[in-house]
Amino acid sequence: MLKVAVIVIPEAFPHSVIEPFDVLSRGKAIYQCRTGQNDAFRSQVSLIAECKDTQVEYNNIRICPTDDINTREQFDLIWIPSLVIDKNLSYKKRKNIIGWIKHQANNGAEIASICTGSFLLAETGLLNYQSITMHWSFTSFFSENYPSVFVKPQLPTLYNNKVYSAAADAEWLTVVKDILEKYYGKSFSAKTAEMLSFNAMRYKHHSPPNLTACEQSYDAIVEKTQTWLTAHISETNLISRAANEFGLSESSLTRRFKSARKVSVIKFIQGIRVERAKDALELTNMPIEQISDLVGYRDSSYFRRLFKTKTGMTPKEYRKQYAC
């Protein structure tokens with residue numbers, strides 16, 4: 001039995017919750033209707049919210065969760081719908097559901113993230129140094145917030161390291177098709193998806209995107225630089241030392257990094273340091289001055305200003321709201 005959890009949060013587009021829930025729940029009935037065959041396909045699809053008693057309403061469409069994050073069920077697949085990304089990045093407040101997604105993934109669940117759903121998934125840290133696809137109009141903003149995630153908007157869908165991603169809402173059915181094919185074979189997948197949209201089948205004669213080939217479009221030196229910077233993130237003079245490490249001038253390294261990653265090397269370093277500071281604030285009682293030094297900032301006043309710029313909160317406010 002395929003066990004699927006569809007995430008329900010206020011930022012989700014309702015169609016991105018209901019449509020996959022409907023198809024994955026009724027796949028067997030659709031297949032039987034089209035072929036006359038009683039396939040062995042069985043699924044259990046749950047709508048998971050932070051609280052089961054909370055009814056989430058979208059434009060007068062009310063969705064009632066079937067379960068919440070206190071369930072002991074281990075799922076095969078976590079479906080993250082596309083989200084409305086507002087200026088306040090309100091999805092970041094869903095700390096409980098973010099932690100639950102990470103827990104499920106660490107216990108073997110695959111993830112399907114549709115378009116802007118990857119903003120929520122990126123908060124788990126599961127996408128760090130991984131490749132996803134996303135609608136081109138969101139890639140720049142996404143990279144500013146999650147510089148350690150590689151975005152490939154030229155691909156309609158991508159499967160990488162147990163994560164399915166779709167560049168746009170319209171590709172959700174292609175992701176469902178790929179999932180059903182993996183679990184129940186091509187015939188079941190094709191007959192189920194064709195019932196709903198011809199467009200979902202336009203890639204069926206193509207091989208799945210080859211991640212290795214896609215990676216060749218990126219600068220190999222930049223790949224190595226990212227790894228080196230992350231390993232030395234708490235140290236000083238990172239850009240000059242990284243340039244020396246790979247035999248480049250600082251200007252050449254920064255230019256190549258910005259060209260390959262669409263984010264400056266300074267912002268990349270800041271992003272990694274702030275994420276590590278968040279972890280320390282959430283999980284330890286370490287003084288803020290010590291955390292500042294731990295992540296590479298000897299001037300704790302500068303660290304406090306940077307942290308507030310990046311998160312909208314002071315380190316103290318962040319710890320008060322999110323500490324475990």
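Of the 324 residues in the protein chain, 48% count as buried, where buried means under 20% relative accessible area, exposed means over 50%, and partly exposed lies in between, with a 1.4 Å probe and protein chains only. What we are looking at is a predicted model, in which local features need pLDDT of at least 70 and side-chain atom pairs count only at pLDDT 80 or more, while totals for chains, interfaces and linings use all residues. Residues are numbered from 1 along each chain as its sequence is written, and side-chain values use heavy atoms, with hydrogens and water left out.

The chain has 14 helices and eleven strands, which are DSSP runs numbered from the N terminus, H or I over at least four residues for helices and E over at least two for strands. Among contacts with a separation of 6 or more, 64% join residues 24 or more positions apart, a contact being heavy atoms within 4.5 Å.

Let me turn to the interior. In soluble globular proteins, nonpolar side chains tend to be buried together. The largest nonpolar core here has 60 residues, and I7, I78, W79, W100, I101, L120 and F142 touch the most other members; by nonpolar core I mean a set of buried Ala, Val, Leu, Ile, Met, Phe, Trp, Tyr and Cys residues joined through side-chain atoms within 4.5 Å. Helix α5, residues 172–184, gives the most to this core, with six residues. If you pick out I101 and set aside residues up to four places away in sequence, you will find that I101 touches I7, I78, I80, I111, L120, L121, T124 and L126. A second, separate core of 16 residues includes L238, A243, L253 and F257.

Now, how do helices α9 and α10 pack? Helix α9, residues 238–245, and helix α10, residues 250–261, have axes 9 Å apart at an angle of about 95°, the axes being lines fitted to C-alpha atoms over the stretch in contact, with angles from 0 to 180 degrees between N-to-C directions. The two helices are therefore roughly perpendicular to each other, a term for angles of 65 to 115 degrees, whereas under 35 is roughly parallel, over 145 roughly antiparallel and the rest oblique. In this contact I239, S240, A242 and A243 of α9 meet E250, L253 and T254 of α10.

A further pair is α11, residues 265–283, and α13, residues 300–311, whose axes come within 11 Å and cross at roughly 95°, so α11 is roughly perpendicular to α13. Here Q270, V274, A277, K278 and L281 of α11 meet Y302, F303, L306, F307, K310 and T311 of α13.

I would also like to point out a few single residues. T116 sits in the loop between β7 (110–114) and α3 (117–122), and T116 counts as buried because its relative accessibility is 2%. Apart from neighbours within four places in sequence, T116 is in contact with S82, L83, I85 and F138. The C-alpha atoms of T116 and A166 are separated by 9.0 Å, although these residues are 50 apart along the chain.

Finally, most residues other than glycine have a negative phi. Y129, in the loop between α3 and β8 (131–132), has a positive phi near 65°, and at 31% relative accessibility Y129 counts as partly exposed. K162, in the loop between β10 (157–160) and β11 (163–166), has a positive phi of about 70° although it is not a glycine, and K162 is partly exposed at 34%.
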